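This briefing goes through one structure by topic.

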Amino acid sequence: MTASTRLAVGDLAPDFTLPTDDGTEVTLSALRGRKVIVYFYPAAMTPGCTKQACDFTDSLDSLKAAGFEVIGISPDKPEKLAKFRERDALTITLASDADKSVMTSWGAFGEKKLYGKVVQGVIRSTIVVDEEGKVELAQYNVKATGHVAKLRRDLKLD
């Protein structure tokens, strides 16, 4: 994946409408006026993705108090996301991008190294979108563990 396909600060975040785990849909443009943390993860119910989702859930009240919504996007089907929410008592919005079109347009799907091999896959990424729909912060190849704490520091919330 080349840097040119990734979103950068100041870019207009591509709009999307995706199905969620509870049978509804989430649309980015419907959240204008609030800051939105959009994070992309490879697979629900895997150790790293679970840790990251639980960290976002644990921080959700303080993030919302600071004006942020959180949307976690994976290629998992809504039914699997519902099981993920129930199993781990998640309170963040979980959205399904089964065809990976949103991930691709946001620079969160493409070539990455996995155990030394180049593969196509989800690039663990976090993008913060401001109230006008522009990218405020773009982080690619983030680590699952400790990422939410780092993000909170980067956003000057801690």
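A salt bridge here is a side-chain nitrogen of Lys or Arg within 4 Å of a carboxyl oxygen of Asp or Glu. By that criterion the side chains of D158 and R152 form a salt bridge, at 2.9 Å from N to O. The model is predicted. A search of the whole structure gives nine salt bridges and five aromatic pairs.

- Strand β4 covers residues 68–74, and seven of its seven residues are buried, so the strand is largely enclosed by the rest of the structure.
- In a regular strand, side chains alternate between the two faces of the sheet.
- Both faces of β4 are covered: F68, V70, G72 and S74 are buried on one side, and E69, I71 and I73 are buried on the other.
- Strand β3 (residues 35–40) pairs with β4 in the parallel sense, over six bridges.
- Within this pairing, V70 of β4 is the bridge partner of I37.
- Between β3 and β4 the chain passes through helix α1 (residues 47–65), and the β-α-β crossover is right-handed.
- Strands β4 and β5 also run parallel and are joined by four bridges.
- In β5, S96 stands opposite S74.
- Helix α2 (residues 78–88) carries the chain from β4 to β5, in a β-α-β crossover that is right-handed.

**Aromatic pairs**

- Among the five aromatic pairs found in the whole structure is that of Y39 and F56; their ring centres are 4.4 Å apart and their planes are at 25 degrees, so the pair is stacked.
- Y39 belongs to strand β3 and F56 to helix α1, so the pair ties together parts that are 17 residues apart in sequence.
- Y39 and F56 are both buried.
- Y39, Y41, F56 and F84 are linked into a cluster by ring pairs.

**Salt bridges**

- E69 and R34 meet through their side chains in a salt bridge of 2.7 Å, N to O.
- This pair links distant parts of the chain, since E69 is in strand β4 while R34 is in the loop between β2 (25–27) and β3, 35 residues apart.
- E69 is buried, at a relative accessible area of 16%, whereas R34 is partly exposed, at 31%.
- A network of salt bridges links R34, K64 and E69.
- The side chains of R87 and D88 form a salt bridge with an N to O distance of 2.8 Å.
- R87 has 45% relative accessibility and counts as partly exposed.
- In the salt bridge of D158 and R152, D158 is exposed, with a relative accessible area of 63%, and R152 counts as buried, with 12% relative accessibility.

- D97 is located in the loop between β5 (93–96) and α3 (101–105).
- D97 is buried and has no salt bridge.
- The nearest side chain of opposite charge to D97 is K100, 8.2 Å away; the cut-off for a salt bridge is 4 Å.
- Apart from residues up to four places away in sequence, D97 touches L18, I73, S74, P75, V102 and M103.

- Strand β8 (residues 125–129) and strand β9 (residues 135–140) pair in the antiparallel sense, over five bridges.
- A138 in β9 is the bridge partner of I127.
- Five residues lie between the strands of this hairpin, and G133 takes a positive phi near 90 degrees.
- E132 lies in the loop between β8 and β9 and counts as exposed, at 52% relative accessibility.
- Leaving aside neighbours within four places in sequence, E132 is in contact with L12 and R32.
- E132 and V142 are ten residues apart in sequence, and their C-alpha atoms are 25 Å apart in space.

Terms used
Residues are numbered from 1 along each chain as its sequence is written. This is a predicted model: local features need pLDDT of at least 70, side-chain atom pairs count only at pLDDT 80 or more; totals for chains, interfaces and linings use all residues. Side-chain values use heavy atoms; hydrogens and water are left out. Helices (H or I, at least four residues) and strands (E, at least two) are DSSP runs, numbered from the N terminus. Buried means under 20% relative accessible area, exposed over 50%, partly exposed in between (1.4 Å probe, protein chains only). Lys and Arg count as positive and Asp and Glu as negative; His and the chain ends are not counted. Contact means heavy atoms within 4.5 Å. Two strands pair if DSSP finds at least two bridges between them. A crossover is right-handed if, with the strands pointing away from the viewer, the path from the first strand over the helix to the second runs clockwise. Rings of Phe, Tyr and Trp (its six-membered ring) pair if their centres lie within 6.5 Å; planes under 30 degrees apart count as stacked, over 60 as edge-to-face and the rest as tilted.
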